Amino acid sequence: MDGLNKIKEFKASDDVIADLKKVGVIKKLDEGDTLIQEHSFIRSIPIILKGSIRVYQTDDDYREMLLYYLKEGDTCIMSFMAGLYNVTSKLKAVAHKESEVLMVPVEKAGVLMKNHPQWTEYVFRVYHQRFEELLEVVNAVAFKKMDERLLEFIKKRIEVSGDKTIQITHEELANELGTARVVVSRLLKQMESEGLVELGRNRITLL
């Protein structure tokens, strides 16, 4: 569970790490595995130890809207709140790549907050971070053109993967951004002609 040692709030206290290891259960995910299902009750809060998780929301037509990625040391604050108030999840979380997650039972979260101020600090920091990311999504949808959103999305995927080339279809890109495939294909061709990206079969390289 080396991922816990890298969380800055936990570095000053071995006790909180020890308690997390005591109550948590490790779950391993392959790429594409579902961590959190929409409309399901949350019984455990995930802390990402390794890999990355894609969090998104779907509408009634099953179109997806990417909200943010969870990386090593992150937790899904939305699932934390849903579990705390015993309501169903409004989001879906899927492994972006092979991942390892520590599942902390919801009923232990309150105990951890009482016993470890470091845990409370961690939760509030992640809450603030997720809030800012959701504001970025709202700002992008409301005020930015699709070409700007597309380029930002590619940059974010590259940041998460650590590789200048990402493997993704135009259809998947369209689903992530909540638009049509033909729009994505047209914009990618335009970006390629401007020397911003290089396109291949289900592959995009940022130049």
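Helices here are DSSP runs of H or I with at least four residues, and strands are E runs of at least two. Counted that way, the chain in this predicted model comes to eight helices and 10 strands. Here's a quick tour, from the overall fold down to a few loop residues.

**Overall shape**
- Laid along its principal axes, the C-alpha trace spans about 55 × 35 × 30 Å.
- Buried residues account for 45% of the 207 in the chain.

**A negative patch**
- On the surface, D30, E31, D33 and E98 come together as a patch of negative charge.
- One of them, D30, sits in the loop that runs between β1 (25-29) and β2 (34-36).
- D30 has 49% relative accessibility, so it counts as partly exposed; the cut-off for exposed is over 50%.

**Two asparagines with positive phi**
- Most residues other than glycine have a negative phi, which makes the next two worth a look.
- N86 isn't a glycine, yet its phi is positive at about 55 degrees.
- You'll find N86 in the loop between α3 (77-84) and β6 (92-95), and its 47% relative accessibility makes it partly exposed.
- N202, also not a glycine, has a positive phi near 55 degrees.
- The loop between β9 (197-200) and β10 (203-206) holds N202, which is partly exposed with a relative accessible area of 39%.

Definitions and conventions:
Residues numbered from 1 in each chain as written. Predicted model: local features only at pLDDT ≥ 70, side-chain atom pairs only at ≥ 80, totals over all residues. Heavy atoms only, no water. Patch = residues over 30% accessible without salt bridge, like charges linked within 9 Å, V, L, I, M, F, W, Y side chains within 5 Å. Areas by Shrake-Rupley, 256 points an atom, 1.4 Å probe, with all protein chains shown as cover. Salt bridge = Lys/Arg side-chain N within 4 Å of Asp/Glu carboxyl O. Lys, Arg positive; Asp, Glu negative; His and termini not counted. Charge placed at Lys NZ, Arg CZ, Asp CG, Glu CD. Buried < 20%, exposed > 50% of the residue type's maximum accessible area, 1.4 Å probe, protein only.
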